[in-house]
Amino acid sequence: MKAPTHRVFSGVQPTGNLHLGNYLGAITRFVTLQDEFECIYCVVDLHAVTVWQDPADLARTTREVTAAFIACGIDPKKHIVFNQSQVVQHAELAWLFNCIARMGWLNRMTQFKEKAGKHKENASVGLFAYPNLMAADILAYRATHVPVGEDQKQHLELTRDIAQKFNIDYAKSIDSHGFGETYFPLPEPLIQGPATRVMSLRDGTKKMSKSDPSDYSRINLTDDADAVALKVRKAKTDPEPLPSEAEGLAKRPEAENLVGIYAALADTTKEEILRQFGGGQFSAFKQALADLAVERLGPIGAEMNRLVKDPAYIDQVLHDGAEKARLIAGPVLHDVKTIMGFVQPRLLK
Ligand code: AQP
């Protein structure tokens with residue numbers, strides 16, 4: 001199968017409470033990339049179950065993330081939108097990558113350390129092997145570009161290491177089967193803009209996260225105008241006025257976070273926001289930020305709420321997307337198994 005020169009893949013976990021960080025760090029980029037690239041956007045439900053999920057919640061949040069994709073402007077007719085568990089090639093390739101990735105590589109993953117915390121022995125094997133599944137998600141489509149938030153950078157580097165090791169370990173076989181010098185591309189992370197790591201509204205040193213027990217730590221895409229305004233008003237700040245230059249944000253994580261959020265929502269830079277609000281108190285800035293957040297997120301939340309009331313439509317989108325995804329991932333897996341020497345009589349002519 002011919003390798004694509006430009007193909008985007010990314011995913012979002014259906015673990016509830018899609019928030020401003022997911023939106024600014026990832027989903028807005030998903031939308032803009034549609035004009036330039038062939039895009040594949042996945043609701044990564046197999047990743048979600050690396051920690052226990054209530055089955056009814058998993059089904060609901062899978063539809064909710066799909067609704068968010070569409071409400072934010074992803075076009076499932078032109079691109080591919082599906083949930084991971086429907087396309088078996090993800091899990092199959094992940095197993096092969098389990099045999100390629102080294103324990104030492106995975107032992108260095110900071111997200112596992114953060115998520116497993118002090119209870120490493122009780123964490124699922126899946127949580128530890130998560131980055132191998134992420135590599136499989138991307139490489140099952142031989143994707144070349146991956147828009148993600150800053151927190152996924154290390155996993156993307158691991159994906160590149162796996163792709164490279166596969167290309168080297170099987171170089172002779174790749175060549176002898178006519179695939180050229182390498183089979184997998186080394187996918188490029190796309191981590192850009194003023195809000196690639198949106199922080200908690202309660203603690204500027206902690207990432208905004210779906211699983212944070214405090215709902216005041218994040219702005220959910222489905223929050224109504226009152227909730228958004230309240231959360232912004234209650235967001236932690238410091239007693240100093242806003243600086244006039246970006247350097248003045250150093251060591252002021254909460255101020256830096258809010259300015260970054262404003263800049264991203266207004267499609268501009270932190271410098272520009274500080275030109276406007278520098279020297280002023282947080283109260284006026286927070287009011288303007290709340291208004292802007294409501295203006296940007298309000299229509300998305302309303303559309304998500306409308307879409308989730310039509311599960312048959314969402315399920316059809318996921319079904320059609322999975323069919324299109326299999327048409328790419330199936331032949332890639334066939335190539336990979338040929339390269340690795342698996343006998344595949346069913347597929348031979
Ligand atoms: N705070 C963030 N700032 C910028 N980008 C973020 N992303 C997540 N949090 C932020 C990006 O959103 C995409 C989807 O993330 P995910 O749902 O797959 O998993 P996650 O990174 O583990 O997100 P959460 O919200 O922290 O979920 P939980 O609490 O379930 O672990 C990714 O591109 C991610 O970088």
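The model is predicted, with local features needing pLDDT of at least 70 and side-chain atom pairs counting only at pLDDT 80 or more, while totals for chains, interfaces and linings use all residues. Residues are numbered from 1 along each chain as its sequence is written, and side-chain values use heavy atoms, without hydrogens and water.

**View 1. Two cavities of 30 Å³ or more are found in the structure.** A cavity is a set of points, on a 1 Å grid over the protein atoms alone, where a 1.4 Å probe fits but cannot get out. Its volume is the space filled by probe spheres set on the points, which are joined across faces, edges and corners.

**View 2. Welcome to the largest cavity, with a volume of about 60 Å³.** Its lining residues (those with an atom within 4 Å of a point) include Phe112, Lys115, Tyr130 and His155. Helices here are DSSP runs of H or I with at least four residues, numbered from the N terminus. Helix H6 (110–116) and helix H7 (125–139) each bring at least two residues to this lining, and H7 gives the most, with four. By type, the lining has six nonpolar residues, two polar and one charged; Ala, Val, Leu, Ile, Met, Phe, Trp, Tyr, Cys and Pro count as nonpolar, Asp, Glu, Lys and Arg as charged, and the others, Gly among them, as polar.

**View 3. Next comes the second largest cavity, holding about 40 Å³ of space.** Among the residues around it are Leu20, Ile219, Val232 and Ala293. Helix H11 (253–265) and helix H13 (282–308) each supply at least two lining residues, with H11 giving the most, three. This lining has ten nonpolar residues, no polar and no charged.

Note on methods. 1 Å grid on protein atoms, 1.4 Å probe; cavity = no way out; pocket = protein on both sides within 12 Å on 5 of 7 lines; lining within 4 Å.
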